[in-house]
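Reader: Could you take me through one part of this model at close range? I would like to hear about the pocket and the helices around it, in one connected account.

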Amino acid sequence: MPVTPDPRRAARAGVPGVRSQIIALGGFLALSGIAWLLASVPIILNSNGWYAGSAKAPWMPPTWMFRTTWMLLYTGVAAAAWLVWRKGGLTGGARAGYVVQLLLNAAWPAAFFALYPMLGAAALWAAFLVICALAATLAFLILRFGPVDALAGFLVLPYFSWIVFSASLNLYSAVHN
């Protein structure tokens, strides 16, 4: 006969209950969704403006790929944070790193898309610094999340890879615009 875990015993052991886990996962997904929406605003407002006529890297993927990829990456980092939270590891530096990556990811489109009309190429270089800081933050999260939950560390890897790729696109834009 299988052993059914006693929820009261799990709660006493510091393991979040199923209801708490579902609420927390919803919260992490909501935070990522809010960051995605905030990041989308400067892109939507400026993609048909200066950006449409700007020089783009020859390895630039089709536009439709960005929205889909970002949604998947935001979902992955939310799931990673949730997995680490479930094990009590989303504290101190790990929590700060998670918040910083959300802020940096929302700040990058503002620097790249929204500031260009005012600052020109300087905005693209500022955006490049932001995306490099984001890559460093994600590397930090991989190192912090991985030991707590291996799957969480792996879930951040595609996000990190996409950011490095995006940084190459940003650098090309900064050099050629």
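Author: Happy to. The largest pocket has a volume of about 550 Å³, and please keep in mind throughout that the model is predicted. Its lining is made up of 25 residues. Nearest the centre of the largest pocket lie I43, T63, F66, W70 and F113. By class, the lining of the largest pocket holds 16 nonpolar residues, seven polar ones and two charged ones.

Where does the lining come from? Four helices, α2 (18-46), α3 (63-86), α4 and α7 (150-176), each give at least two residues to the lining of the largest pocket. The largest share is that of α3, with six residues.

Along its principal axes, the C-alpha trace spans about 65 × 25 × 25 Å.

Now let us follow α4, one of the helices that supply the lining of the largest pocket. Two packed helices are described by the angle between their axes and the distance between the axes, and that is how I will present its partners.

Take α7 to begin with, another contributor to the lining of the largest pocket. The axes of α4 and α7 come within 13 Å and cross at roughly 20 degrees. An angle under 35 degrees counts as roughly parallel, and therefore α4 is roughly parallel to α7. The crossing of α4 with α7 is left-handed. On the α4 side, the residues that meet α7 are Q101, N105, W108 and F112; on the α7 side they are Y159, N170 and S173. Sorted by class, this contact of α4 with α7 has three nonpolar residues, four polar and no charged.

The other partner is α6. Helix α4 covers residues 92-114 and helix α6 covers residues 121-148. Their axes come within 9 Å, crossing at roughly 155 degrees. Angles over 145 degrees count as roughly antiparallel, so α4 and α6 are roughly antiparallel to each other. The crossing of α4 and α6 is left-handed. In the contact of α4 with α6 there are 19 nonpolar residues, five polar and one charged.

To bring the account back to the pocket: α4 and α7 both supply at least two residues of its lining, and α4 runs roughly parallel to α7 and roughly antiparallel to α6.

Definitions and conventions
Residues numbered from 1 in each chain as written. Predicted model: local features only at pLDDT ≥ 70, side-chain atom pairs only at ≥ 80, totals over all residues. Heavy atoms only, no water. Axes fitted to C-alpha atoms, helices over the stretch in contact; angles between N-to-C directions. Parallel < 35°, antiparallel > 145°, perpendicular 65-115°, else oblique. Left-handed = near helix turned anticlockwise from the far one by under 90°. Nonpolar A, V, L, I, M, F, W, Y, C, P; charged D, E, K, R; others polar. 1 Å grid on protein atoms, 1.4 Å probe; cavity = no way out; pocket = protein on both sides within 12 Å on 5 of 7 lines; lining within 4 Å. Points joined across faces, edges and corners; volume = space filled by probe spheres on them. Contact = heavy atoms within 4.5 Å.
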